[in-house]
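Please find below a note on the structure under review.

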Amino acid sequence: MNVLSTLRRLTGMNLARNTVELAVKRRMEATGATARKAYVDGLDEAELRELVELVVVPESWLFRDPQAFAAAVAFVRQRLAAGARVVRILSVPCAGGEEPYSMAMALFDAGVKPQSFLIDAVDISAACIVRAEAGVFGRNAFRGQELSFRDRYFAWSGEDELYRIDDALRARIRFGQGSILEGELGTARQYDVIFCRNLLIYFDEPTTAAAIERLSDHLANDGMILAGYAEVPSFVRHGFSPLPHRQAFALRKDIKRPGAPARASLPASAPVSSSASPAHRRPPAPVRAVPPTAKAAGSPRPHHGSSTGASATAAPTLAAAGDESLLAHARKLADAGKVLQADSACREFLAQQPESAEAYFILGLLAETSGKPADAEAHLKRCLYLQPDHYEALCHLALLQEQAGNSSAAATLKARAARAFQRQQPQ
């Protein structure tokens, strides 16, 4: 059995090899296995589930990006005012329940009657579902300045220093284990509102397209979907249009003719995706590859597959000073996972063209892939100094700030990214 390909298939995630190998090592230690081949040959369904739990490391908090919940509440109230009896909401992936519980609290605060909405929450991780159903959270789940909801909806247990959510609120949420790519996705045929934030950035382009198609099938034609800020371009490429809610990253189906969603596209000059690894659902190493269609917009596509920088052959010197083919070569090397060679090619290009924002962006991605956040931050800041509206660089830098705990700086960068993306849309 090829463990890497098996876990990629089971999770739908473009997992890095070192992420999988670390999980295998930990499970071998836990089970007392000493020979890797014997461990792999003996993998059964139960042990594969244990590996899945290790490669999917959820991290979230309550009311993360509150503008999304405000936009969803307004949409729900509009739906009910138009005559809907029950508004159906889906949260996927739901991690430890932070997102669906936040939505339920927001609806309660808005005066929406409990019987007027129902939330399905789905996650591939069985451990996450168990934790979510318990509705118990530690201090780290409460971040930001506005925490009054904690007093309204949680009971404090001083003995174990945990907060337990109100039972009436828990009753409005149905949790279930499942994958966005196969099997049951919630209990409703279609949903009025879907939250799918910070998941697609783990997927390669074919998997992203399949996931968005499935989400589209489960979303009512006039429904709303809430995405992560780095995922909006992927939805736009696959039949969705952004809605004008500031920093909510909400979209709707772009239906231009009866029967099928039209395929909206970005202008040729716009960056179209991000390879950020989100804090919401973050494996130990970056795993997202920018889709091939991004190349036309000048974005690299690092792929964390079988090729590595150490095993790759050295990059040949290609071009005369200033020739863009050298930067294109750097992108191809990044595509192949040849990190050291791509880095060398970028620096050679910068020696010829020191004001290239795209070269600094590629260097930032490569540093992020190599687990060097300080270097990645420096390269991305240089990219933005040269090109302040570089959407992908803004997304990556926002994520680095968020992971470092700099929530204010991250929020500012997200807002800039949202404005940059809106400016790049066709009028």
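1. In this predicted model, F154 has I165 of β5 as its bridge partner. The pairing joins strand β4 (residues 154-157) to strand β5 (residues 162-165) in the antiparallel sense, over 4 bridges. The two strands form a hairpin with 4 residues between them. Within the turn, E161 has a positive phi of about 55°.

2. A search of the whole structure finds 16 salt bridges. One of them is formed by R36 and E21, whose closest N and O atoms are 2.7 Å apart. This pair links distant parts of the chain, with R36 in helix α3 (residues 36-41) and E21 in helix α2 (residues 17-31), 15 residues apart. R36 is partly exposed, at a relative accessible area of 36%; E21 is also partly exposed, at 31%.

3. E99 and R197 form a salt bridge with closest N and O atoms 2.8 Å apart. Here too, distant parts of the chain are linked: E99 belongs to helix α6 (residues 98-109), while R197 lies in the loop between β7 (191-196) and α10 (205-218), 98 residues away. Both E99 and R197 are buried.

4. R170 and D167 meet through their side chains in a salt bridge (3.2 Å, N to O). Because R170 and D167 are 3 residues apart in helix α9 (residues 167-170), about one helical turn separates them. R170 is partly exposed, with a relative accessible area of 22%, and D167 is partly exposed, with 48%.

5. Finally, a network of salt bridges links R27, E47 and E50.

Methods:
Residues are numbered from 1 along each chain as its sequence is written. This is a predicted model: local features need pLDDT of at least 70, side-chain atom pairs count only at pLDDT 80 or more; totals for chains, interfaces and linings use all residues. Side-chain values use heavy atoms; hydrogens and water are left out. Two strands pair if DSSP finds at least two bridges between them. A salt bridge is a side-chain nitrogen of Lys or Arg within 4 Å of a carboxyl oxygen of Asp or Glu. Buried means under 20% relative accessible area, exposed over 50%, partly exposed in between (1.4 Å probe, protein chains only).
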